[in-house]
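Hi there,

I am passing a structure on to you, and I hope you enjoy looking around in it. Please open it first, and then read my notes alongside.

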Amino acid sequence: MSVKPQTKSWLKVVLTTTLLLTPIACAVQNITTAQQPTVKQKTQNQTYSQVYTDVQNLVNMGPRVAGTPINEKASAYIEQQYRKAGYRTRIQTFTYSKFRDAGSSLTVDGTTIKANALFGSAPGKLSARLVAVPNKARAEDFAKVNVKGAIAIVKRGEIRFTQKVDNAVNAGAVGVVIVNNKSGNLAGGTLTQKSKIPVLGISGDDGDKLYARSLTTPLTINFNANGQNVDVTGRNVIAFQEGVTQPKVILGGHFDSVELAPGANDNASGTAVVLDIARKVSNTPLARQAWFIAFDGEEDGLHGSRAFVDAATPQFLSELKGMMNFDMVGVNDKLLIGGSSELTKIAQVVQPKAQLFGASYANGASDHAPFAARGVPILFFYRGMEPNYHSRNDKTVDPKLLDETTQAGLDIFKRLVTN
Ligand SMILES: [Zn+2]
């Protein structure tokens, strides 16, 4: 359903407002990531800033995958925090199709190995010989073995998954198992074009063993690739002060996370920093210059920010002085700021310590990209890649870095609207 709001009609949305219970605020001490005591230990002897508490509260909910109950709970929590800070809120919902593994598996000699269907894989249940393909499964490697009517087991690397699968099809294979070149699962593997045969990915640990065995022992495996496209409903949380229909600046960051990842740094950190800036300006005229947005569906392809931009009128976008996006700002000492030259110039003056990077680097990576694509000047706040990215270990951030990012964002926001 879409509703044309009475105000300057900038948006086709489904609007709902809800009221939810929220945790209480606290103050913080500087802690480096390595020494991080557990949440329980901290509660006993330290107090926290609200921004850090928000990160912990979002993390403690579990992975905030778009379209899941945890994600909905997180959006309700964020909405309630903005309301407590004196803002009105809207939930913008949008739908998109997402590939999801509905329970694929691989069984050999009665032992089941965890497997994931690759995005773009044909569904299929098979029982066939397993044949190891040498090297990295180039066409000439398939010529060295006979995979006709068999399932080919291949190693990741050097060429794209899709090329390996094409080579397997051309050699007559009926299925493909791709062994990850890392110990973990090959979750989220993507074929750049739909395959005619089913394709599963398995972890390096399991795969190296199975590959080695298939070189010496004739093996028959049972194989079930069960990937499906499902419709996901995303929920952007939009906060603004009463009557502010056309902001000068949008401050945002995504709150969804990937499967299995608690998403402390990616991206409870950015979500909490934007909320913190909103709180800090809530009783000042600055609050009426901005909208504050927690985007959903970013991890599945920038769906939330794309839906927002697509629903906005050209007039609304053209009147924006800038979109400031915060993503992964809780780990790594160096704050990186990149984006449109007219905004990085301002950032350089206000934040001389920050490391700047150009628009080319900033463009594709996160929720500022759909705005940039529509000509809105953008600024991207980011602290760089880190070992826990998109993993179960993305559980902690450094509260000092959150506070530093909030201050940098606040100062640049002020300068931007007064400029
Ligand atoms: Zn992110």
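Below is what was found, going from the whole chain to single residues.

**Ground rules**

This is a predicted model, so local features need pLDDT of at least 70 and side-chain atom pairs count only at pLDDT 80 or more, while totals for chains, interfaces and linings use all residues. Residues are numbered from 1 along each chain as its sequence is written, and side-chain values use heavy atoms, with hydrogens and water left out.

**The whole chain**

The average pLDDT (the predictor's confidence in each residue, from 0 to 100) is 88 for the chain, and 87% of the residues score at least 70. Please take care with residues 3–45, where pLDDT stays under 50. For that stretch the model has 99 contacts beyond four places in sequence, a contact being heavy atoms within 4.5 Å.

The chain has 13 helices and 16 strands. These are DSSP runs numbered from the N terminus, with helices being H or I over at least four residues and strands being E over at least two. Of the 419 residues, 55% count as buried. Buried means under 20% relative accessible area, exposed means over 50%, and partly exposed lies in between (1.4 Å probe, protein chains only). Among contacts with a separation of 6 or more, 75% are between residues 24 or more positions apart.

Distant parts of the chain are linked here: H254 is in strand β11 (residues 249–254) and D327 is in the loop between β13 and β14, 73 residues apart. H254 is buried, with a relative accessible area of 0%, and D327 is buried too, at 5%.

The peptide bond from D266 to N267 is cis, with omega near 10°, and N267 is found in helix α7 (residues 264–281). M328 has a positive phi near 60° although it is a residue other than glycine; M328 lies in the loop between β13 and β14 and is buried, with a relative accessible area of 3%.

N325 lies in strand β13 and is buried, with a relative accessible area of 0%. Its side chain makes a polar contact of 3.0 Å with the side chain of S366. A polar contact is a pair of N or O atoms within 3.5 Å; within protein, one must be able to donate a hydrogen and the other to accept it, and residues adjacent in sequence count only if both atoms are side-chain atoms. Among the residues that N325 touches are G252, G253, D367 and H368.

In helix α10 (residues 341–350), the buried residues are L343, T344, I346, A347 and V350. They lie on the same side of α10, because they cover an arc of only 155° around the axis, taken from the directions from the helix axis to the C-beta atoms. K345 and V349, on the other side of α10, are exposed. The buried residues of α10 pack against β13 (322–326), β14 (336–339), β15 (355–357), β16 (378–382) and α13 (399–418).

Q315 is in helix α9 (residues 314–318) and counts as partly exposed, at 40% relative accessibility. A polar contact of 2.4 Å joins the side chains of Q315 and E319.

D109 sits in the loop between β2 (105–108) and β3 (111–114). Its phi is positive, about 50°, although D109 is not a glycine, and D109 is exposed, with a relative accessible area of 55%.
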